[in-house]
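Please read it alongside the sequence and the model.

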Amino acid sequence: MKKQILSAVLVTAMAASLGACGSSSSSSSTAASGSTVTTTESTSSGAAKADVANEDEHTLSVEAWDANFNIPALEAAAADYKKNVDPDFNLNIIQESQSSDIEDQITLAASSGDYSQLPDIVLFQDHYFHKYVTDYPDAWSDAINSSSIDWSDFGQEKLSYSQYNDEHWGVPVDNGTCIAAYRTDLLQEAGYTIDDLKGCSWDKFDEIGKAVYAKTGKYLLCMDGDGNDLPYIMLQAEGVSQFKDGKANFVDNDTMVQVINMIVKLQKDNVLYLANDWSDYTNQAIQGDMVAGVINGNWIIPTIEQVTANSGKWEITTLPTLKGGDGYASNGGSSLYITSNCKKTDLAVDFLSKTFGAGSTETYDAALKNGGVITCSTKAGKSDVYQQGVAYFNNQPIYAQIVEMGTHVKVVEQSDYHYDARTQVAAAIQNIINGADTKSALQDAQDQVDFTMGG
């Protein structure tokens with residue numbers, strides 16, 4: 001019998017979920033005197049937050065944004081490094097309110113040409129780094145590229161975010177691999193099992209979803225209709241991007257047209273619930289017991305787990321695809337980057353290389369238990385902690401499964417305008433649902449993205 005790991009491993013549901021989207025809890029904590037970590041909350045964006053010049057030789061500063069998600073992961077890494085490498089090591093964690101505070105700080109520093117207020121290391125959302133290293137190359141250090149990290153331990157899709165000009169600039173932290181999670185009790189009521197959904201075609205998904213709705217009144221899938229991640233997820237599962245050669249590629253992208261038409265069909269068949277906004281998606285749809293399934297980055301797990309009465313009823317599997325076959329995608333995630341203001345790049349490289357970069361089980365076991373951060377390292381994903389069954393998910397070893405699934409995610413072209421595309425495609429879907437022609441709506445969306453890109 002598999003050992004069980006309590007679902008309370010993922011400490012605070014919405015904080016972890018929003019952490020993947022760039023928000024965080026506003027609380028802060030300060031570690032006890034003499035401990036490895038000091039965590040302080042930033043109070044004014046742009047103010048001097050890290051006194052890098054006066055740090056001692058054993059101290060590093062790092063900026064992150066979630067007291068319940070990525071900050072516990074940093075604390076775990078600091079404790080690991082202190083115990084196993086440098087007993088005098090200290091990590092000063094500066095807690096921002098949201099990820100955009102870090103982005104704004106980089107922009108401000110670059111605008112003034114003064115990088116002296118930057119910490120040694122920053123946590124950065126994966127989808128944003130290429131834009132910021134392109135626009136502000138002087139803000140970053142590429143020292144990590146010369147490290148001893150075994151990059152083959154990480155999936156190529158994850159590394160594609162932190163690579164620039166064929167060099168490594170960052171170290172992966174949290175895993176954004178998508179899960180397809182389903183209520184097995186509701187599937188059973190409709191005469192199906194989770195095996196019927198494993199790698200099924202979207203047409204089969206629609207058939208099952210209609211049966212589930214007819215029998216239980218629950219939607220088989222939901223998504224935030226305003227910030228709709230489903231098109232990107234479905235496309236990546238096909239190995240296709242919304243962009244081609246740096247340009248938006250909607251109208252002449254046959255796979256995208258199929259995906260958009262399928263989303264509209266699922267909505268009209270009462271298989272997909274498109275929520276009005278993020279709160280409607282998480283609070284009313286997922287936690288309000290409206291749905292029998294959820295597809296998103298694994299950071300959505302704590303949101304699902306908030307409904308304690310459904311413990312043991314959920315299981316996860318791979319994503320559907322258009323023609324059938326196991327689908328894999330990723331949505332969200334972040335990596336750690338050394339800034340040009342770091343005066344101790346050797347220490348920063350060594351710290352990152354021997355914790356997150358090494359796939360340290362001490363770092364990642366504690367990060368999972370204390371904050372719900374799932375590793376991107378295949379090595380760390382083989383630990384005993386990751387192999388334990390999760391009671392909420394019918395004792396499936398979901399964390400090991402997620403790490404393994406992450407190795408299959410295909411690399412697709414990314415863009416600095418990922419979120420602009422998401423906004424415009426979401427609007428196009430709503431227009432199509434209201435009667436607009438698919439190609440015309442996608443053309444309008446593509447034109448809007450092209451305009452934003454300056455094309």
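**Overall fold**

Among contacts in the protein (heavy atoms within 4.5 Å) between residues at least 6 apart in sequence, 77% join residues at least 24 apart. This is a predicted model, in which local features need pLDDT of at least 70 and side-chain atom pairs count only at pLDDT 80 or more, while totals for chains, interfaces and linings use all residues. Residues are numbered from 1 along each chain as its sequence is written, and side-chain values use heavy atoms, with hydrogens and water left out.

- The protein has 17 helices and 17 strands; these are DSSP runs numbered from the N terminus, helices being H or I with at least four residues and strands E with at least two.
- Of the 455 residues, 59% are buried; buried means under 20% relative accessible area, exposed over 50%, and partly exposed in between, with a 1.4 Å probe and protein chains only.
- Carbon and sulfur atoms hold 43% of the accessible surface of the protein, which comes to about 17000 Å² (Shrake-Rupley method, 1.4 Å probe; for residues, only the protein chains shown count as cover).

**The sheet β14-β9-β15**

- Three strands form an open sheet in the order β14-β9-β15, with antiparallel pairing; two strands pair if DSSP finds at least two bridges between them.
- The edges are taken by β14 and β15 (314-317), each with a single partner strand, so one side of each has no neighbour in the sheet.
- On average, neighbouring strands of this sheet are turned by 25° against each other, direction ignored; axes are lines fitted to C-alpha atoms, for helices over the stretch in contact, and angles run from 0 to 180 degrees between N-to-C directions.
- Strand β9 (residues 178-183) is joined to β14 by five bridges and to β15 by four.
- Ala181 has a bridge partner on either side: Val294 in β14 and Ile316 in β15.
- Helix α15 (residues 398-406) packs on the sheet, where it touches β9 and β15, and its direction makes about 20° with that of β15.
- Strand β14 (residues 293-297) is largely enclosed by the rest of the structure, because five of its five residues are buried.

**Salt bridges**

- The protein has 14 salt bridges, each a side-chain nitrogen of Lys or Arg within 4 Å of a carboxyl oxygen of Asp or Glu.
- Glu362 and Lys83 form one of them, at 3.5 Å from N to O. This pair links helix α13 (residues 361-371), which holds Glu362, with helix α2 (residues 70-84), which holds Lys83, across 279 residues. Glu362 is partly exposed at 35% relative accessible area, and Lys83 is exposed at 62%.
- Asp206 and Lys265 meet in another, at 2.7 Å from N to O. Asp206 lies in helix α7 (residues 202-216) and Lys265 in helix α9 (residues 254-268), so the pair ties together parts 59 residues apart in sequence. Asp206 is buried, with a relative accessible area of 3%, whereas Lys265 is partly exposed at 36%.
- Arg422 and Asp229 also meet in a salt bridge, at 3.0 Å from N to O. Arg422 sits in helix α16 (residues 418-433) and Asp229 in the loop between β10 (221-224) and α8 (230-237), 193 residues apart. Relative accessibility is 23% for Arg422, which counts as partly exposed, and 4% for Asp229, which is buried.
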